[in-house]
Amino acid sequence: MSTVLTDANVGSAGSSWLDKERTIAAPGFNRWLVPPSALAIHLCIGMAYGFSVFWLPLSKMLQTAGTGAACGKDVSFFAQLFTTECDWSVATLGWMYTLFFVFLGCAAAIWGGWLERAGPRKAGLVSALCWCGGMLISAVGIHTHQFWMMILGSGVIGGIGLGLGYISPVSTLIKWFPDRRGMATGMAIMGFGGGAMIGSPLAVELMKRFATPTDPGVTQTFVVMALVYFVFMVAGALGYRVPPSGWKPEGWTPPAAQVNNAMITQRHVHVKKVWGIPQFWLVWVALCMNVSAGIGVIGMASPMLQEIFGGSLIGVSAKFAELDKTQLAAIAAIAGGFAALLSLFNIGGRFVWASLSDKLGRKLTYTVFFVLGGLLYASLPSSAAAGHKLAFVGAVCVILSMYGGGFATVPAYLGDLFGTQFVGAIHGRLLTAWATAGILGPVVIGYMREYQLGLGIPREQVYNQTMYVLVGMLVIGLIANLLIRPVADKHFMTDAELAVEKKLAHEKAAASEVGSGPGAGKATPAALVALAWLAVGIPLAWGIYKTLLTVAKFFN
């Protein structure tokens, strides 16, 4: 504990404990305390993926209480923002997803530069206040049946918290793990993918506990989850430490001194310049195409499996349109297990592919995403036509692992190309590609499905052309990735400019390696590191267990 206590003494006497200079690690600090801090925040904000568990209960709030009915088709979205006389539709509630990721991208792009100077602790605390405070505002909105309060609370304020929380650990982890950049960011971003695995079943259990004959218990669930998340997120923010300037792991040789590492720079690009650098836009296109293809499949995974394989999922020789209600319910349960299986591959891929990129290099890893992904997408129509469920499911699982892997690998890719001084801010600006993909992918696959159904094409064949369109997206991404070259010297900061930025970022120079030498590395008790990992590992294990129970329905 002595290491943690002495960290606060690094800053100047007049600085706030929230300031970045007060988070600089003292000699002997164990860098493995930083990933669980990042996970504590990402596992909480990752519940954004799991908000759909609230849609059905919220769409029946007034009906359950016996004080209203469902809003008819003549009640517009804007009317539903303020009405207290009818229940919101699921389609209206679904707009929360759009707001989540639009504001995530905007907040990350707008405040990424501030985060680099303010430090991860301050950004993490602001994220906790926004995300958890937004949930509490939403709880008031649910209680008073004012949807505009949910939009303001979770959608806008919570979305800003998502953006700041998502990028808060990126720069710090890359600087603590220059030898394992991909693995480090993969661990944190894995947490964002796993947040719904914990939050969704937790929300279901809480709603069951608080539910009454006239109240589904959503309001109370929001309040409890906001308070629990706040504790975890604040603990994560307080656990952040940044390494002194010039720190490196003992015995590690920077890549610039090694052979064949031209893609990894030891210099730094200012975040203000990235909009005008071709490599930024090439990475932007690569990420956008990878996410567009993957997110399109995620959004339609359940109906796609049901419509393609129909009754064969339950051993019945009948197409989807020929099934009765009981059979439809049975295959819907199987499809739910399929969706849960995909979530495991999405999460696992974030860690596995990002860690693998430390060996393969980021460019080659993305090349694998596009080439292997393109082949797998192209194989889906033939697997579906032949009725090969195992081949179809296996291909989609690998595709989703690369979808998650793309998110987890890209921060390290940016660090390689543009340096680490502003990598968090640059990553924030790159997330505008995610916001774009969040619209492009679902629109392409959704509208193409509706268009082909309108032409009278059988349901089991409506996805064939869509898969080839997604292959085309991956080809565009592949071309962009192959065009990426090392950033030109003119874009990097000079030593004088870098010194000014380091001063503005309140970085402390370190002439020698921190954590090397006699007795170093022992100040942080091993028990503290173990407890930190248990604090995030136990909830994550519980979420995986609950998900596996759902996955089991797919194999029964």
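The model is predicted, and local features need pLDDT of at least 70, side-chain atom pairs count only at pLDDT 80 or more, and totals for chains, interfaces and linings use all residues. Residues are numbered from 1 along each chain as its sequence is written, and side-chain values use heavy atoms, with hydrogens and water left out.

**The whole protein**

Begin with the entire protein in a cartoon view. Its secondary structure comes to 21 helices and two strands; helices (H or I, at least four residues) and strands (E, at least two) are DSSP runs, numbered from the N terminus. The radius of gyration is 24 Å, close to the 24 Å that the globule rule gives for 556 residues, so the protein is as compact as a globular protein of that length. That radius is taken over C-alpha atoms, and the rule is 2.2 Å times the number of residues to the power 0.38. Along the principal axes, the C-alpha atoms fill a box of roughly 75 × 50 × 40 Å.

Next, colour by burial. Buried residues make up 54% of the 556 residues, where buried means under 20% relative accessible area, exposed over 50%, and partly exposed in between (1.4 Å probe, protein chains only).

**Helix H12**

Select residues 218–239, which form helix H12. This helix has 22 residues and reaches 31 Å from its first C-alpha to its last, close to the 32 Å expected at 1.5 Å a residue; the expected span is 1.5 Å times one less than the number of residues. Among its buried residues are Phe 222, Met 225, Tyr 229 and Met 233. Show the surroundings as well: the buried residues of H12 pack against several helices, including H2 (34–45), H8 (120–144), H9 (147–167) and H11 (181–210).

**His 145**

His 145 is buried, with a relative accessible area of 5%. Inspect its backbone: phi is near 55 degrees, a positive value in a residue other than glycine.

**Thr 409**

Finally, select Thr 409 in helix H16 (residues 389–418). Thr 409 is buried, with a relative accessible area of 0%. Leaving aside residues up to four places away in sequence, Thr 409 touches Trp 353, Ala 354, Ser 357, Arg 362, Thr 365, Tyr 366 and Phe 369; contact means heavy atoms within 4.5 Å. Display Trp 353 beside it: Thr 409 and Trp 353 are 56 residues apart in sequence and 7.2 Å apart in space, C-alpha to C-alpha.
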